[in-house]
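Walk through this model chain by chain, then look at the contact and a few single residues. Keep the structure open as you read.

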Amino acid sequence: MRRGIDRPDSRVALRPFAPGDASELTAYLNRSETSWARYVGPDNPVPLARAAVERLIEEWSDSEAKSMTLALVTAANGEVIGHASAWWGWDAGTPDMAIVVDPRFRGRGFGRDAGTLILRYLFEDTMAWAVHCWIDDWNESGIALATSLGFRQAGRSRCTRRRQGEWVDSLAFDLLRSEFEAD
Amino acid sequence: MALESKTIRLREIRDEDIDFVVALRNDLGTQAWSRTLPPDTTRSMYEKRYHDKEFSFDRTDGHFVISLTKTDEPIGYAAYSGLKDRHEAMIGLAIARTHWGKGYATLACDLLLGFLFDEAGVHIIRWWTTSDNEGSVALARKLGFVDGVRLRNGIFRAGQFADNLQLDLLRSEWYERHPTALTA
């Protein structure tokens, strides 16, 4: 199992999911605010059964995978408040990342804290020279989070899925190591 | 009905094509658009890649040799991947260097796009390439693809960075350019 990612000065940490996290994970993945931007499972927000979430947790423990999905927990008491993912299957130099915060914990800067942790990990401890993320065009808070982390919008992929009777475009964002280090 | 025009044909990869396809893969100028592989692919690698496939109704990819209609001489390779039912797919192709500049890539893409829009019924097709591949970018735009994404320094190749580009083409845009396809 992968080690966790933390920093002494951070309010949050990232650690491997454990089977005991299935209930909390199932609960927030199926909340309406999360279901269209949960970055796990099917693109469309079909309800995820607990058994399906348990299988996801098992998949995420594969240390050979070219990806990681870690539990986002508070440093204060270890409560699971979301998850953060990165995947580099195409090129280890250009991983993608995603952050999902349980809606009950949004608006407190935890997403930015998690983003900073995972970016520091990717740029300081891996071969990454650029990091990408993809965010639906309706997801204003996600776009704001990416921008606050220093990502620059890199274009638009049209019609990546359907949502509430409309086609959704996916916005691409990128951040170069040199930009991250200069920030 | 085969995927065929007066000039070229897209057909299955046959035993006698393997050496040709391997040579395309071992040419750094014609192999995969982004991930550079060592030019050491062997015939047996490709036989496993293509000949061990089993029939399925759930295919998400298709791989073709581009050949001349009159002689069946192989001149290139075309493929689609990432097919999501009725939604999207990505396409790619490689033409042997000796056949560059003859318009075959355009003709092959016309056939492949026609198949994906008319038969697979996808809504949108994506074209990934790199900023240093000017021919690929020009071909995509000529076919009607629209610039969408530019990921800076997306690829390191030939000793330098290039950007990864994604262009896309909607079915409605394709039919605007090919109105006869709807009534054929």
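How many of the 183 residues of chain A count as buried? The share is 51%, where buried means under 20% relative accessible area, exposed means over 50%, and partly exposed lies in between (1.4 Å probe, protein chains only).

A word on conventions. This is a predicted model, in which local features need pLDDT of at least 70 and side-chain atom pairs count only at pLDDT 80 or more, while totals for chains, interfaces and linings use all residues. Residues are numbered from 1 along each chain as its sequence is written, chains are lettered from A and ligands numbered from 1 in the order in which they are written, and side-chain values use heavy atoms, with hydrogens and water left out.

Start with the fold of chain A. It has six helices and seven strands. Helices (H or I, at least four residues) and strands (E, at least two) are DSSP runs, numbered from the N terminus. Their order from the N terminus is β-α-α-α-β-β-β-α-β-α-β-β-α. The radius of gyration of chain A is 16 Å, close to the 16 Å of the globule rule for 183 residues, so chain A is as compact as a globular protein of that length. That radius is taken over C-alpha atoms, and the rule is 2.2 Å times the number of residues to the power 0.38. Along the principal axes, the C-alpha atoms of chain A fill a box of roughly 40 × 40 × 35 Å.

Now the contacts within chain A. Contact means heavy atoms within 4.5 Å. Of the contacts between residues at least 6 apart in sequence, 60% join residues at least 24 apart.

Next, the surface and charges of chain A. Accessible areas come from the Shrake-Rupley method with a 1.4 Å probe; for residues, only the protein chains shown count as cover. Chain A carries 22 positive and 27 negative charges, whose mean positions are 3 Å apart. Lys and Arg count as positive and Asp and Glu as negative, while His and the chain ends are not counted. Each charge is placed at NZ of Lys, CZ of Arg, CG of Asp or CD of Glu.

Follow chain A to its end. A:Asp183 sits in the segment after α6 (177-182). A:Asp183 is exposed, with a relative accessible area of 74%. Its C-alpha atom is 7.9 Å from that of A:Gly150, 33 residues apart along the chain.

Turn to chain B. Here there are five helices and eight strands. The pattern along the sequence is β-β-α-α-β-β-β-α-β-α-β-β-α. The radius of gyration of chain B is 16 Å, which agrees with the value near 16 Å for a compact globule of 184 residues. The C-alpha box of chain B is roughly 45 × 40 × 35 Å along the principal axes. Of the 184 residues of chain B, 51% count as buried. Chain B exposes about 9600 Å², and carbon and sulfur atoms supply 53% of it. Its 24 positive and 27 negative side chains have centres 3 Å apart.

How do the two chains meet? The contact takes 26 residues from chain A and 25 residues from chain B. About 2000 Å² is buried between them, with 48% from carbon and sulfur atoms. Buried area is the accessible area (1.4 Å probe) that two parts lose on being put together, summed over both. On the chain A side, A:Trp90, A:Trp129 and A:Arg158 lose the most area to chain B, together 35% of what that side buries.

Three residues of chain B deserve a look. B:Gly62 lies in strand β3 (residues 62-68). B:Gly62 counts as buried at 4% relative accessibility. Leaving out residues up to four places away in sequence, B:Gly62 touches B:Ala78, B:Ala79 and B:Tyr80.

Most residues other than glycine have a negative phi. B:Asp72 has a positive phi near 65 degrees. B:Asp72 lies in the loop between β3 and β4 (74-84) and is partly exposed at 21% relative accessibility. B:Ala158 also has a positive phi, about 55 degrees. B:Ala158 belongs to the loop between β7 (146-157) and β8 (160-170), and counts as exposed at 72% relative accessibility.
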